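I opened my notebook to get to know a new structure. Here is what I looked up, in the order in which I went.

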Amino acid sequence: MPNDIAEKQTRKSRDGLVYRQSVWTRVTHWVWAICLFFLLLTGLQIFNAHPSLYIGQQSGFGFDNSILSMSAENTENGPRGYTTVFGQKIDTTGLFGLSGPRPSVQGFPAWATIPSYRDLGTGRVVHFFFAWVFVGTMLVWLVASLVNRHLWRDVVPKGRDLRRIGQDIRDHLRLRFDHGAKYNVLQKLSYSVVLLVLFPLMVLTGLSMSPAMNAAWPWLLEVFGGRQTARTIHFAVMLLLVGFFIIHILMVVAAGPINELRSMITGWYRVKKTGAKSDE
Amino acid sequence: MTRRNLLRASGSLVAASTLAGCDQFDFLGQRDHKMRDVLESANSLTYRVQRMLLGPNALAPEYGPSEIRQGQRPNGSTNPQTAEYLALKANDFADYRLKITGLVEREVSFSLDELRRMTARSQITRHDCVEGWSCIAKWTGTPLSALLKEAGVKAEAKFALFHCYDVLGGGLSGGEAYYESCDLIDANHPQTIAAYGLNDEVLPVSNGAPVRVRIERALGYKQPKYVYEIELSATNTQLGQGQGSYWADHGYDWYAGI
């Protein structure tokens, strides 16, 4: 197998193609993409069952520890949807609190949830199914990336990467991309944060909401400062992952979608020989 | 590469999000769809793995009195209207008896006074509703294990089934009496109590008077209220539509550990 790849490597390098993504990276990437799609949309379904976030162990009904809530009210101009964030009440009619062609009272709109109608039971079934697939894929990726050294060689930023960060930010702002065989420092940083911080944080805050896991691993609640805080962090990490997704897609398109998609499907990536030197 | 590409990308992203409309996955809500069975297999995986991680006696977190900052929020049934229940309530539950039946050496029953005279357990625990909210309260009651010991559970028994006075749902069928079941690990867990007290008061009707069973390592929907009979059984599929609890028959996970 390695011989095979080496042979292909020499043949393809004439066309400027390098074997950039191992099969482990590619398969886990796409399985995660599917998982995250379902986890996000069923997560919003679950959130809609009680569209408020709190800090602490419990939810304040007789006191106020809410930091975000979505609600609807009747006003002189008919029903309006509101989102209250850190005490600031914002009219979000049509998006949060009240939405839909025949306006219905709900946190996130129907187009952003699975199922589109209110069905907490189904949302949970789908959410936990993909949560298992997601965690299993994380373990496969971690073992494979430790063994084939992808994690250390390609993902974790080193001192010399970090010294180039100023230049890399300037290049990105000018949409001038370095099509080297290796990730640039901003890629390394964002992939490290997503894979090594946000993914594990998502799983652990998810587990912190489980009453059975609270009995099995009581330290979870102490680490995250209570079940409701864990739920709030779970939500905040979701927002960060959505933000990552948007930038990720924009960068793929800006850097050349065909080449980027090919490397994540076949593994082969065209490096640019002109101009910027790759860091090999 | 170019700003035009970036603009084009943003445009297609916005377009994609407006047509996202996830109703193409609404079939997952059909309880008899074969995809549904595949997805629900994750529930049994969760149950098995959590049972593995969780010692039979690992306790749910308990809190200090200062954490009781509000009344216990009532949810689900809050005021049962069946004739039998109303008659008991009218007499302040003086005629109420909690029965232990099924696969036991001797069927026994307890009045509220008899329950109160037995060794009590109080615990300040967090109630986690499946909707997402939590509420901390002090629950007082008789450990279920003590009641089961008096009845003598037979070796064939695998489940404790809870029969309740409240009726949920409605429509054409006229609703159905609430039912729940748990395995014997949960039934014998030290924090599983037949609770008759809440926050140092008599358990109010809205929270399940006269007796609510607390299964503290599970979500709120697995804390049956208005319980009048605990039946020991080798199976739990004879209940309702066969999933083992009212909410399991309505698409929720039976075990309710997460």
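Predicted model: local features only at pLDDT ≥ 70, side-chain atom pairs only at ≥ 80, totals over all residues.

Entry 1: I began with helix H6 of chain A, residues 165-173, which is hardly covered: zero of its nine residues count as buried. For me, buried means that 20 or more other C-beta atoms lie within 10 Å of a residue's own, exposed means 12 or fewer, and partly exposed is in between, with C-beta atoms placed from the backbone. Helices (H or I, at least four residues) and strands (E, at least two) are DSSP runs, numbered from the N terminus. After H6(A) I found A:Leu175, which has a positive phi near 55°.

Residues are numbered from 1 along each chain as its sequence is written, and chains are lettered from A and ligands numbered from 1 in the order in which they are written.

**Entry 2: chain A as a whole.** I listed 11 helices and eight strands in chain A. Its C-alpha trace spans about 70 × 45 × 35 Å along the principal axes. Of its 280 residues, 31% count as buried. I also looked at contacts, where two residues are in contact if their C-beta atoms, placed from the backbone, lie within 7 Å. Among the contacts in chain A with a separation of 6 or more, 60% come from residues 24 or more positions apart.

**Entry 3: two domains in chain A.** Domain 1 of chain A takes in 15-50 + 121-270, and domain 2 takes in 52-107; such bounds come from an automatic or database domain assignment. The C-alpha centres of the two domains lie 30 Å apart. Where they meet, 10 residues of domain 1 of chain A are in contact with 11 residues of domain 2 of chain A. Which elements of domain 1 give two or more residues to this side? They are helix H2 (23-48) and helix H10 (227-255) of chain A. H10(A) has the largest share, with six residues. By class, I noted two nonpolar, six polar and two charged residues on the domain 1 side. Here Ala, Val, Leu, Ile, Met, Phe, Trp, Tyr, Cys and Pro count as nonpolar, Asp, Glu, Lys and Arg as charged, and the others, Gly among them, as polar.

**Entry 4: a sheet in chain A.** I traced an open sheet of four strands in chain A, in the order S2-S3-S4-S5, with antiparallel pairing; two strands pair if DSSP finds at least two bridges between them. Strands S2 (52-54) and S5 (88-91) of chain A are at the edges with a single partner strand each, so one side of each has no neighbour in the sheet. On average, neighbouring strands of this sheet are turned by 25° against each other, direction ignored. H10(A) packs on the sheet, where it touches S2(A) and strand S3 (66-75) of chain A, and its direction makes about 120° with that of S2(A). Axes here are lines fitted to C-alpha atoms, for helices over the stretch in contact, and angles run from 0 to 180 degrees between N-to-C directions. Strand S4 of chain A, residues 78-85, runs antiparallel to S5(A) and is joined to it by four bridges. One pair I wrote down is A:Thr83 with its bridge partner A:Ile90 in S5(A).

**Entry 5: where chain B meets chain A.** This contact takes 52 residues from chain B and 45 residues from chain A. On the chain B side, helix H1 (3-18), helix H2 (34-53), strand S3 (121-128) and strand S4 (134-143) of chain B each give two or more residues. H2(B) supplies the largest share, eight residues. I sorted the chain B side into 25 nonpolar, 15 polar and 12 charged residues.

**Entry 6: a hairpin in chain B.** S3(B) and S4(B) pair in the antiparallel sense over eight bridges. B:Asp128 stands opposite B:Ser134 in S4(B). The hairpin has five residues between the strands, and B:Gly132 takes a positive phi near 130°.
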